[in-house]
Amino acid sequence: MQIPASFDYVRASTVDDALELLARHGPESRVIAGGHSLLPMMKLRLARPEWLIDINDLFELDFILLDGDRLRVGALTRHTALLESTEVARLFSIISDAEAVIADPVVRNRGTIGGSLCQADPAEDLSTVCDVLRAVAVVRGPGGERLVDMNDFHRGPYETAVAPDELLCEVRFPVRPRSGSAYEKVERRVGDWAVAAAGAAISLAEDGSVEAAAIGLTALGLDGTVAEAEAVLLGRQPSEELFVEAGRLAAIACDPVADQRGQIDYKRHLADELTRRVLRQACARAAQTQEG
Amino acid sequence: MTVIHERDSNPAAGDADRPVGYGRIQRKEDPRFVRGKGHYIDDLVLPGMLHGAILRAPVAHARLVSIDTTNALAHPKVLAVITGKDLEGLKLAWAPTLSADVQAVLVTDKVRFQGQEVAFVVAEDRYAARDALELIDVEYDVLPPLVDARKALDADAPVIRDEIPGRTDNKIFDWEIGNAAETEALFASADVVVRQEMVYPRVHPAPMETCGAVADFDAVNGKLTLYETTQAPHAHRTLFAIVAGIPEHKIRIVSPDIGGGFGNKVGIYPGYILAVVGSIVTGRPVKWVEDRSENLMSTSFARDYIMEGEIAATKDGKILALRTNVLADHGAFNATAQPTKTPAGFFSIFTGSYDLQAAYCKVTGVYTNKAPGGVAYACSFRVTEAVYLVERMVDILARKLDMDPAELRLKNFIKPEQFPYANKTGWVYDSGNYEAAMRKSMELAGYEDLRREQVEKRAKGELMGIGISFFTEVVGAGPRKHFDIVGLGMADGAELRVHPTGKAVVRISVQSQGQGHETTFAQIVAEELGIPPENIDVVHGDTDQTPFGLGTYGSRSTPVSGGAVALVARKVREKAKLIAAAMLETRPEDLEWEKGRWFVKGDPTAGKTIEDIAMAAHGTMTLPEGIDGNLDAEVTYDPPNLTFPFGAYICVVDIDPGTGHVKVRRFIAVDDCGTRINPMIIEGQVHGGLTDGVGMALMEIIEFDADGNNLGGSFMDYLIPTAMEVPDWETGFTVTPSPHHPIGAKGIGESATVGSPPAIVNAVVDALAPYGVVHMDMPCTPARVWEAMQGRPRPPI
């Protein structure tokens, strides 16, 4: 048994209560939801919080709600709930694609979207998904609620815009017409961190040309989305040549590091290969909604 | 899943699904395990028990400058902190390994691998023990590490074992076998010679349960009771007597339920010894259970062979000779746990299943700054490496000759009439019918159809591969005159008692780690005596309750203890015959046996069942002269030879050309383990071994960085396969009994681990043939497969 350093533990009953506890216990406290990243880090003594504030009783943060032209997802929504949601599957295939390859059922039953985003592991899938879907984070703190674009949310590996006395409460996904999205990951084994992954979201104009495009890469050393590759798609009719060009640009834009999962050249190749695949899929799905 | 079901006909059973004796019955131990009622080392709680934790070295190679334990001892819950200096006073700082070397229990002079044991804390609870590790202040003088085995013999390589007087290099041994001159002559004149270097990477057994112990030393009567995760309780008792100087009759080793071993739990680790020292020092029981990282970083690894193979053949595909030169990385201490008198274990069976004219093998063992071990890991003492070498080489030859790999194998197999077959490196294979197993496997696979499908797929740019592996295992060590562990011969005892009501208890020396001993050994007695398996209790894992024997590893339980149990049951049966004759007032030679009863020849109604006889044996009747008033017996079985299970495996893979991701689509495993006792247990063993093979072939490796840091120290980094990576196994069998074994059984425990990795790698290489790939090393991860497709396959180390 791996044993963490000693810590204190308290369960929050409401968001207000959680914020009050965060204020009281200061920066050495950590919020725990699913705990599948934080607990292993504590057991390896890579993380040593003095207080764990458990938010698993904050049922007010566990929801998936279509609200006009946006899908609102509570931060405590479990991966399994996202994976099983027909609403999510209908609107954002990329979320279903990604959730199906996040870890394993045991982790998905417990892990949350908020936990994934706040952990901000560079190989974390939902960060890319939220980037690609141009999601907005709803963050609450002592000063009230603020909205944070994904561009501002990520501050590098394991760092986000959520301050130590704040809590991520909700993620909002804008719903666009004639849209399709997709995610694909290469892993050495199911449940391993990604060697690399890519996600794309495409909105088509009525004439079938690309109206909006977003391409994101996971575990490839890229902040935000691949603007260069997105730009070549805009206003053009989807085609294999276009996907090839976008893939080429994605491979150039990324900045992977060599590790046990692969060397740099392989990872760049995956940026190219996976970008092409997800674009192909996202465009096909967008065209399908158009027909439907 | 395609499973070939069989029902052994068994008239005594009445119900084909519930045979008395051999056949498919559910495991007796399963109700305990599936209800969470197993009793593992960490379930054990003794009154007053303390907890130990080990401080481990953060670097791979460093001079130990000083250890300050003051702050740790000041922790209110800490009772003792033991260092190498303390052990030196007790002459326990170094312990003998199972390979005639010594290993540091705690570092006294120098750290030799990352994760090595530096100090031991004993505290009131495990949390305090763990916390106190951070209060020990150690100063290290870091030295350059030796990580690459290929550089171990360089003149400027750091000398790892400089504590050994006179040692100036890192060579452990040079060892050779076979006939170099005859082999060279055949190579010189052969039509075709192919050569390939291949690496079998360092992997880890990674049992679900890590290693641990609870030591309870009773200072009043001087008795040590040591509960530990051991596959070999009796061997450990003798070794503890030698190492710790405690008289052997004052040592009791208890091995409770074990959550997987795979060879990881054969050796004696420093933690076990430290728990004992902790108990002696504090006068209270001490529990030590390592965590996952400790298990992966410090306990016995497996493999780590860099092998150069060469094969010589005629142009029409007759294999003439095989030659190999191996560099073996044994880590910082030579602690290989194996019973042969050769330093490479059973590797010399690398001639495989083929009728060769000559063979030659040379192995050089070296020290590096890595964890020691090289223990079995379901490898039959290096048969895994041997089979991998020959099965890859045969495939490479097939490619060179443009022959179908199945055809090449069929052409070169040892023929049934050649058994017993003496190979060119000193082994005598007991029995085999290789062609039958190969053809059965091809039939189950639909081999010709698969090849046709492959042609169609290739035309479309899809990557499909078909890989074959045919292995001959060598298990059941072994004859006392040839095999020993630190001088202990490898015969196994068995004791059988039939109680007055005809229920029985059989006591055995081997210890199950999941093999189903409580069922299999009951079935052997049931087959011999006709007592239903559920009426036979199997006792194991406690040296105070069981006869002497060397333990479970190298697939030896059924070949050795299985033989012992069959013979002890037959001894009881013969005694029962004498008693039955007295009961029936006839001569013993007039009696005939059918399962469960002796009866008068020609008069089946006049008979006595084992139950009748057992009651009579313990009753008041006058027994024949020389017959004791019981129905008990004991034997020690010294096997006359090893047994040689074999199998034909076919693997089908699909590879994503864009990502290099390998999907094992099908796997057909035809095994021949001789007589089959419980087909369901056999299938379970095969399924486990095949899964293990997928792990090694596709993902498992313990890597080190240039500083000697272990990069595989958690299950985040050291990947083991899940249900998602494996196909539905398709199993089949042939039966070629061992001619010398009492029941013809050969052992099955490691066959699938031995046989499956080359089948998978052969399939991957076959799939990559359009890219000109002739060989790639394990693990076949997506990145490494892609590199092979780019024409630059890379050895993993």
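Does Leu44(A) count as buried, partly exposed or exposed, and at what relative accessibility? In this predicted model, Leu44(A) counts as partly exposed at 31% relative accessibility, where buried means under 20% relative accessible area, exposed over 50% and partly exposed in between (1.4 Å probe, protein chains only). The model was treated with local features needing pLDDT of at least 70 and side-chain atom pairs counting only at pLDDT 80 or more, while totals for chains, interfaces and linings use all residues. Residues are numbered from 1 along each chain as its sequence is written, chains are lettered from A in the order in which they are written, and side-chain values use heavy atoms, without hydrogens and water.

Leu44(A) lies in the loop between helix 2 (38–43) and strand 3 (51–54) of chain A; helices (H or I, at least four residues) and strands (E, at least two) are DSSP runs numbered from the N terminus. Together with Leu46(A), Trp193(A) and Met716(B), Leu44(A) forms a nonpolar surface patch with about 370 Å² of accessible area. Patches consist of residues with over 30% relative accessible area and no salt bridge, with nonpolar side chains (Val, Leu, Ile, Met, Phe, Trp, Tyr) joined within 5 Å and like charges within 9 Å. A negative patch is formed by Asp68(B), Asp137(B), Glu139(B) and Asp141(B). Strand 8 (residues 137–142) of chain B supplies its largest share, three residues. Asp141(B), found in strand 8 of chain B, is partly exposed at 42% relative accessible area.

Helix 6 (residues 233–244) is largely enclosed by the rest of the structure, because 10 of its 12 residues are buried. In helix 7 (residues 270–282), 10 of the 13 residues are buried, including Tyr272(B) and Leu274(B). Helix 7 is followed by Gly283(B), with a positive phi near 75°.

Over all chains, the structure holds 84 salt bridges, defined by a side-chain nitrogen of Lys or Arg within 4 Å of a carboxyl oxygen of Asp or Glu. In the pair Arg24(A) and Glu20(A), the closest N and O atoms are 2.6 Å apart. These two residues are four apart in helix 1 (residues 15–25) of chain A and are therefore separated by about one helical turn. Arg24(A) is exposed at 54%, and Glu20(A) is partly exposed at 37%. In chain B, Glu435(B) forms a salt bridge with Arg439(B) at 2.9 Å between the closest N and O atoms. Both lie in helix 11 (residues 434–445), four residues apart.

Definitions and conventions. Areas by Shrake-Rupley, 256 points an atom, 1.4 Å probe, with all protein chains shown as cover. Lys, Arg positive; Asp, Glu negative; His and termini not counted. Charge placed at Lys NZ, Arg CZ, Asp CG, Glu CD. Expected span 1.5 Å × (residues − 1).
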